[in-house]
Amino acid sequence: MKNLNITSLLCAFLMGSLPLLQANNSTDSLTLPPKASQFVVNTDQIVAPIQPTMYGVFFEDINFGADGGLYAELVKNRSFEFAEPMMGWEQPASDRFSMNDKSGFAVPVKYADPGANKNYLNVKVNAATGYRLVNYGFKGMGFKEGLRYDFSVIAKQQSGATTLHVELLDENGKVLATTSVALSGKDWKEYTASLKPSARAMKGKLNIRFEGKGVVDLDMVSLFPSDTWKGRPKGMRADLVQLLADMKPGFLRFPGGCIVEGRTLAQRYQWKKTVGDINDRELLINRWNNEFAHRPAPDYFQTFGLGFFEYFQMAEDIGATPLPILSCGMACQFNTAELVPMDELEPYVQDALDLIEFANGPVTSPWGKLRSDMGHPAPFNMKMIGVGNEQWGPEYIVRYKEFEKAIKAKYPEMVIVSGSGPFPDGEMFEYGWEELKSMNAEIVDEHYYRSPQWFLENANRYDSYDRKGPKIFAGEYAAQSVAIASPDNKNNWDCALAEAAYMTGLERNADVVWLTSYAPLFAHAEGWQWTPDLIWFNNLEAYGTPNYYVQKLFAVNAGTQLLKLTEDGKPVIGQSGLYATATLDEKTKEIVFKIVNASAFEQSFSISLAGKKTAATKGKLTVLANNDLNAMNSFDSPKNIFPTEKEVNFTGKALSLSVVPKSVNVLRVAYK
Ligand code: AHR
């Protein structure tokens with residue numbers, strides 16, 4: 001399995017199922033409207049608790065999800081660490097090949113004794129005016145009219161006297177805001193200034209005009225909007241975090257995905273390099289930088305301004321249980337498949353133990369102290385840890401065992417998430433599952449990127465799983481409108497509806513399915529590598545896809561206990577194109593029904609309630625629907641597919657309802 005390109009392997013894998021992938025909605029074949037259904041629910045029969053972690057979010061720095069996305073830094077390559085250290089920067093008025101350029105020139109220089117931060121920029125300003133440096137941000141910089149933007153730079157004036165005129169320009173070069181920073185002294189110092197643009201710009205840039213001859217050194221040139229999440233300086237984009245918070249996710253898995261593994265072991269995600277002072281977090285190439293020849297992203301690196309502390313903090317902010325995943329000593333098996341020898345695995349295992357100490361340890365412990373020094377003395381209350389991402393084969397099992405042994409020895413209460421590889425079936429999957437089951441693994445992660453048809457047809461996937469075996473983390477899934485990794489995949493209603501139908505199957509099996517998450521989460525409209533994605537954003541705006549609203553509807557209406565819902569004694573899994581579940585919400589004293597109508601017909605049904613909790617007279621019906629399976633949301637029409645709510649009234653013990661074609665419906669009725 002060595003040296004395989006992820007696209008070719010995934011495509012090859014999928015060739016056999018392409019006809020399925022291209023099939024239409026299964027219920028299109030229904031020619032006659034189905035007859036009214038009769039569902040039965042006994043409110044006294046609790047099947048299982050719904051885990052608070054049932055619906056969560058999976059974050060990976062793919063599609064410029066972190067740098068250029070969630071992490072609100074606007075300057076790309078702020079510390080000149082990219083493989084090409086001037087990438088992202090231009091010197092428009094300068095001839096960078098001439099030391100005698102009349103305005104000035106800049107060269108990246110290595111620190112004499114480099115730590116994590118290796119380079120700085122040496123600028124020779126040859127003329128009193130005229131030399132400038134421009135940073136174009138991540139596909140431009142988004143500026144909001146009247147908002148404060150905070151500029152900072154670490155600099156020293158080696159000779160002469162230089163003032164930096166810091167300007168925010170719009171796409172046409174018009175100055176929207178300006179401020180000045182006079183440099184002084186030969187020691188590295190941080191300079192800060194603030195600016196307020198006079199107009200909005202979607203693709204603005206940062207322009208630094210140098211006034212006064214001299215030689216200056218610059219590093220960590222930074223620009224942040226002030227309206228970050230919770231107003232934290234150098235923080236995260238509030239609109240993006242808000243979209244996550246609105247989902248009320250049960251957990252936050254981070255930092256990926258394949259990014260955890262790296263193309264090589266050296267390029268794996270190492271959490272210890274992502275904590276502490278941001279100036280000292282060592283940059284790493286993003287593994288999605290050159291993964292897809294059809295979507296090259298040569299400027300994709302990880303500054304780790306968004307690192308493990310920030311992930312834990314975000315999880316806490318949005319009420320989600322943190323679920324970090326770590327490398328298990330195996331580089332991505334689609335790439336180099338490099339393995340750390342077993343007798344060199346110890347530092348990897350130690351990383352896991354230290355991470356638990358970082359998250360939960362007392363402030364007197366070395367890693368607990370770092371967490372405290374970073375501003376969070378209280379523990380982050382981490383309860384789960386993932387070992388490896390999409391690993392497979394005996395190499396995984398043998399490494400996983402070492403992690404399990406060490407983690408359980410020191411932290412017996414820590415729940416470990418293991419993985420079953422990249423595919424939801426087949427040889428690798430079967431092998432991994434068998435091994436993990438025989439070891440009594442606690443939670444196994446499964447991934448499926450399949451056609452909408454597959455999702456409709458597999459809503460019974462977990463019905464046959466061993467109730468006494470490991471619990472399930474449906475950790476990455478999304479219906480693919482064309483094929484996995486195809487750049488033509490769309491976040492259309494066909495996919496979202498099929499996912500909703502499938503999710504009733506996850507929920508109906510809440511006794512074994514404990515965590516679920518759609519993937520990937522974010523995509524920059526111009527910087528993406530992988531589609532479909534849950535949330536799309538540009539430099540200023542973001543919108544939730546129909547898939548997002550499906551996820552959100554399920555998450556905010558999860559309920560606390562699963563009830564049994566049947567028709568003719570059987571669960572409702574696609575009969576007449578209907579999929580349905582029922583849960584109790586003990587917190588609000590409501591019964592929550594989820595009814596997905598994947599058919600092209602309006603459908604009527606009644607729900608007979610047996611048991612004590614039946615005194616319903618009215619309820620709230622939330623509907624997400626569209627007649628066009630190709631319909632999508634967009635920046636121009638972010639709520640094209642959006643939930644609507646209405647009140648419904650009932651008489652008697654049976655609840656009668658009809659649901660519109662191609663719809664996801666959540667009905668909440670109060671019980672006494
Ligand atoms: O979600 C995109 C990628 O798909 C993830 O990084 C990986 O785990 C899976 O193959």
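This is a predicted model: local features need pLDDT of at least 70, side-chain atom pairs count only at pLDDT 80 or more; totals for chains, interfaces and linings use all residues.
The largest nonpolar core comprises 133 residues, and Phe 308, Ile 385, Ile 407, Leu 506 and Val 664 have the most contacts inside it. Helix 11, spanning residues 493-508, supplies the largest share of this core, 10 residues. Another core, of 36 residues, lies apart from it and includes Phe 80, Trp 89, Val 125 and Ala 155. The surroundings of Ile 407 were examined as an example from the largest core. When residues up to four places away in sequence are not counted, Ile 407 touches Ala 352, Leu 353 and Ile 356, together with Ile 385 and Val 387, and also Pro 412, Met 414 and Ile 416. One of these partners, Ile 385, is itself among the residues with the most contacts inside the core.

Packed helices are described by the angle between their axes and the distance between the axes. Helix 11 packs with helix 12 (residues 546-556) at an angle of about 20 degrees, and the two axes are 8 Å apart. Because angles under 35 degrees count as roughly parallel, helix 11 and helix 12 are roughly parallel to each other. Their crossing is right-handed. On the helix 11 side, the contact involves Trp 493, Cys 495, Ala 496, Glu 499, Ala 500, Met 503, Thr 504 and Glu 507. On the helix 12 side, Pro 546, Asn 547, Val 550, Gln 551 and Phe 554 take part.

Helix 8 passes helix 9 in a right-handed crossing. In this contact, Pro 394, Ile 397 and Tyr 400 of helix 8 meet Tyr 431, Gly 432, Glu 435 and Leu 436 of helix 9.

The cysteines were then considered. A disulfide is a covalent bond between the sulfur atoms of two cysteines. A search of the whole structure finds 0 disulfides. For Cys 258, the closest cysteine sulfur belongs to Cys 332 and lies 4.6 Å away, which is too far for a bond because a disulfide requires sulfur atoms within 2.5 Å. Cys 258 is buried, with a relative accessible area of 6%.

Most residues other than glycine have a negative phi, and most peptide bonds are trans. The peptide bond from Phe 254 to Pro 255 is cis, with omega near 0 degrees, and the bond from Gly 256 to Gly 257 is likewise cis, with omega near 15 degrees. Pro 255 is located in the loop between strand 14 (251-254) and helix 4 (258-261), and Gly 257 is placed in the loop between strand 14 and helix 4 as well.

A positive phi, near 45 degrees, is found at Lys 248, in the loop between helix 3 (238-246) and strand 14. Ala 485 also has a positive phi, of about 70 degrees, and lies in the loop between strand 21 (471-479) and helix 11. Lys 248 is exposed, with a relative accessible area of 59%, whereas Ala 485 is buried, with a relative accessible area of 6%.

Technical notes:
Residues are numbered from 1 along each chain as its sequence is written. Side-chain values use heavy atoms; hydrogens and water are left out. A nonpolar core is a set of buried Ala, Val, Leu, Ile, Met, Phe, Trp, Tyr and Cys residues joined through side-chain atoms within 4.5 Å. Buried means under 20% relative accessible area, exposed over 50%, partly exposed in between (1.4 Å probe, protein chains only). Helices (H or I, at least four residues) and strands (E, at least two) are DSSP runs, numbered from the N terminus. Contact means heavy atoms within 4.5 Å. A crossing is left-handed if the near helix is turned anticlockwise from the far one by less than a right angle, and right-handed if clockwise. Axes are lines fitted to C-alpha atoms, for helices over the stretch in contact, and angles run from 0 to 180 degrees between N-to-C directions. Angles under 35 degrees count as roughly parallel, over 145 as roughly antiparallel, 65 to 115 as roughly perpendicular and the rest as oblique.
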